[in-house]
Amino acid sequence: MVNKKRLMAGFSALAALSMGLAGCGSDTSTNTNASDGGSSDGGVVNITYMHRLPDNDGMVLVNDIVAKWNKEHPEIQVKATKFDGKASEMIKKLETDVKNDNAPDLAQVGYAELPEVFTKDMLQDVTEYAEQYKDHFASGPYSLMQVGGKYFGLPQDTGPLVYFYNKAEFDKLGISVPTTADEMIASAKKAAAAGKYIMSYQPDEAGNMISGLAGASGGWYKVEDDAWVVNTETDGSKAVADLYQQLLDAKAATTNARWDASFDASLQDGSLIGTVAAAWEAPLFMGSAGETGAGDWQVAQLGDWFGNAGKTGPDGGSGVAVLKTSKHPKEAMEFLDWFNTQISDLVSQGLVPAATTADAETPEDWAKFFGGQDIMAEFKTANNNMGDFTYMPGFSAVAAAMNTTAAKAVDGSGKVEDIFSVAQTTSIDTLKNLNLSVKE
Amino acid sequence: MSATTHTTKAPGAGAAAKPKRSDAAKRENRTGWAFMAPFAILFALVFILPIVWAIYSSFFRQVAEGGGAYGGGKLVNKFVGLQNFQFVVTSSAFWSGIGRVLLYTLIQVPFMIIAALALAMLLDSFIVKRVTVFRLGYFLPYAIPGVVASIIWVFLYNGQISPIVKGLAAIGINVDFFAKNIVIGSMANITTWTFTGYNMLIFLAALQAIPHDLYEAARIDGANGFQIAMRIKLPNVRAAALLAMLLSIVGTIQLFNEPEIMSVSDPSISKSFTPMMMALYTSRGTLTPSGDGPASAVAIVMALIAGILAALYALAERKVNQE
Amino acid sequence: MSLAETRNMSKEERAALRARKKADRIRDLHANDLPRSMQPSALVKTVTIIVLVLTLIYFLFPIYWAIIASTKTPAQMTGSNGLWFAVGIADLPNAIATNYGKLLGWTRGNFWRWVLNSLIYSGVSAAVGTLVAVMAGYATAKFNFRGKNLAIGVIMGCMLMPAALLTIPQYSIFHAMHLTDTMLAVIIPCCVSPFGFFLGRVYAQTSVPNELLEAARIDGASEARIFFTIVLRILAPAMVTIFLFLFVATWNNFLLPLMMISADTLKPVTLGLYGMVSLATFNDRGALMMGALLGVLPVIILFLALQRYWQAGLAAGAVKG
């Protein structure tokens, strides 16, 4: 009995201690980490910025871009750190950091994740500073950095969906980029008969790509009277389900997961000769395809495949947001505007910049692979042709559920349309679990 | 924070030692704790505090304050009682995950232990001379980090790339390592590949510690090699084997790396494929309800199940030992 | 060794231990030569060797494949024969240099720095972790103290807790102690292993004779002196096993440094590699394989160098398990 009591007491002591440590954090933090960002040192404002850009060989490194800024702006010194993990892991870390008052001033946040990050109480309203930079960015991406009319940062890159295809192979088959859904099916069947595929069904990208394609025809999430109205089974969604289901039934599309090596293999062996892709996939295609079809590929706008007159939707893309604990939002935004308009440097990181202050030039090796085409111009056209799509808080859970369901359509144990019904139920569950209002 | 009410009593309760203890016992108590202290302090910091935190947080959920469409950008910790646990035990995804790891454990652990035992016995059977080459070769995978091992194997499973799949297809055997009923076996293979050598080394060490006059005596009694293996060697490595089994069971319940990496190739492997994946992705908001509260509840229920299984196993082992 | 002959025990014990170790070594070396009378038939011999060699191929083939893959570009990775290099032997140095360059690019030139960091993390964690685990194991094996059974129970219970999930609270605690983004934030959590404690306890129970301790006490040796001069010596081979276990576990851990470390100069090598893989846009798998192989090289070298010790250590643990 004595032992038991002592045990209880000991545990309670530990519990109290732990609560104090974990919950209350410390305001007097003098940590060498990001919290330095808050302190100004002799008039110098220190800003910290966390990103997950590739920073690979041959790119202009983020630190080098930042060094340029630091040289020109001795009064605002920026320190960039690269997070070596997934987007969801970074959000988790930032969430903890914000609670501990230890977060960087600026952090890369995907457009689809912004509402979630907002709901998690991690962002700072910087509408008053954002206004003046509005004209530097395309309006669509700019508006993706707001939640409920408040702005939280500036957009960095965009991912409009376009169509990549191998023109030489298309010519050989006597087909061209389809303009209608019927034409798409007919051409896909014709190609499949010759062992070629002009479409790919990517289960692991369903949450991003399929939602983008469906969203091109109209959004899924609307706010009415401060409550969510969710409809993921729109006409646009049905059109997407219909087309892909027909392609799958006719075995006229590849079904490799996008980030599996087998997708690369299908490019490499020349069997995949056309696919819907996000603009930022261009340099990846080049790496995966190697010599196969180099110089023969082209970028085209989506045809009128989903009954929306060829509108396109967003797939990925990120902005940079000012986090709640930043003590210098004005200076942070000043730097951010400068950073996000370093167009050629950002292009070197494989991004399609959201900034419009200068035309992004197609890098030489990209043009070489895409038959001399100015693909940046195509991406710009696509950017301007993008439907409005608002993401809901907690969309990552919806996307994950969509991916799992999409995989079932591959082996025939499910249908493509199931993706959208699962999206509907998961969306509503997620919103309710977050304690947000839903109108059903 | 009702927990704090007990804290003031804690030191008093601890100091109220039995006065009649002998000096020797007191000294022993002191010495014992002195040796124990460094580990105990670190352990409290790294395990106890976080676990207490996890238990505490499992009674809360993070929800947006004020409701509305976006919750006004405020997040509050809401006490939800046992609601997180209710969610876990009624979640079909959770129990499917438990079912999968149990199935996995049933296939993988006995297979690996038996394979490791067999290899150790063969290496110890005086048949082979260059034991070192085999020993190190079998053991090498243990040095490869789990994530990397999984990436390598995913390539070797991939129908369009793998020389294994292509080679088998060339001789008329078509295998799909990602097929619905095979995918668990494919994962089990990765674990087996990584850890068999490690277990084998432990068994080999146990075998080599057996005094050699035992063998000679058996040989004089007319026992053949097989009988020696069964009657002398096996009983001598039993303790090591049972322990390895227990540790492997605990390890496989926490299965994560293999399904995580394989899900890149096979998106039908969901984010809640194993309880460990479910816990991690719940914590990161990829599953709903999300956050640390529900994630902690998943982890706690999972640890309880692992504990029960380990206890059952230990009981069964003791019972078998007594007979 | 009787209690009567306890004068200069530590010296004698040292000699005895040395002799025992030597005997072990000789027996290990000649284990396979001993029972000549038990030579199996040629058939059994052939079958056994075939089985063992096939198993060896199973264990080594993926590593062989990884070595080949580490010389390939993303396109060659999927487009060329998996069993052999994609380029001629003459071009091989170039291919290796290309991927090595890419690896350094992906890791922003920090690759070897990160390997060094990993060595520091693993080395220090394993050394400290082994010492505290053995001390605690020895304490629970040889002393009666209040709360002992409870301590053992709690520690063993924690073996069941998924350690990966404790990273978030650990991060908060370490932040409150101003330790995040320092080497200590990785080293301290990696020092503590319930499994290490468990091994330490088993070893101390099975291989430290109580008589020896009693004799030393009668000699007037302090408890600390007994532990550091006698017990540690006996437990040395066991400690190597715990050391290697902790070393590998720390080396492979990436969730903890992912949370704790932001500075590029403090990252361990696995975190850098994980950073490559987790970029959605990553497809340079050949460079990744090269990084993975170069990254485990130090571990393999360590295993080979300490081979004799850890095998003795495994034996020490296995006898009575």
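A helix here is a DSSP run of H or I with at least four residues, a strand is a run of E with at least two, and both are numbered from the N terminus. The expected span of a helix is 1.5 Å times one less than its number of residues.

First, the ground rules. This is a predicted model, where local features need pLDDT of at least 70, side-chain atom pairs count only at pLDDT 80 or more, and totals for chains, interfaces and linings use all residues. Residues are numbered from 1 along each chain as its sequence is written, while chains are lettered from A and ligands numbered from 1 in the order in which they are written.

Let's start with chain C. It has 15 helices and 0 strands. Of its 321 residues, 49% are buried. Buried means that 20 or more other C-beta atoms lie within 10 Å of the residue's own; exposed means 12 or fewer; partly exposed is in between; and C-beta atoms are placed from the backbone. Now contacts: two residues touch, in this sense, if their C-beta atoms lie within 7 Å. Take the contacts in chain C with a separation of 6 or more: 82% join residues 24 or more positions apart.

Back to helix 4 of chain C, residues 92-106. How far apart are its end C-alpha atoms? They are 21 Å apart, and the 15 residues should span 21 Å at 1.5 Å a residue, so the two agree. Its buried residues are N99(C), K102(C), L103(C) and W106(C). They cover an arc of only 105° around the axis, so they sit on the same side of helix 4 of chain C. That arc is taken from the directions from the helix axis to the C-beta atoms. What covers these buried residues? The cover includes helix 5 (111-142), helix 13 (269-278) and helix 14 (285-305) of chain C. The face turned away from the buried side carries exposed P93(C), N94(C) and A97(C). After helix 4 of chain C comes R108(C), with a positive phi near 50°.

Most residues other than glycine have a negative phi, and most peptide bonds are trans. D181(C) is not a glycine, yet its phi is positive, about 60°. You will find D181(C) in the loop between helix 7 (167-176) and helix 8 (184-191) of chain C. Is D181(C) buried or exposed? D181(C) counts as buried, because it has 20 C-beta neighbours inside 10 Å. Over in chain A, K251(A) also is not a glycine and has a positive phi of about 50°. K251(A) lies in the loop between helix 10 (235-249) and helix 11 (261-268) of chain A. K251(A) is exposed, because it has 12 other C-beta atoms within 10 Å. In chain B, the peptide bond from T288(B) to P289(B) is cis, with omega near -5°. P289(B) is in the loop between helix 12 (275-283) and helix 13 (292-322) of chain B.

Last stop, a sheet in chain A. Its 3 strands form an open sheet in the order 11-8-12, with antiparallel pairing. Strand 11 (274-278) and strand 12 (297-300) of chain A are at the edges with a single partner strand each, so one side of each has no neighbour in the sheet. Two strands pair if DSSP finds at least two bridges between them. Strand 8 (residues 161-166) and strand 11 of chain A pair over 5 bridges. Within strand 11 of chain A, G274(A) is the bridge partner of Y165(A).
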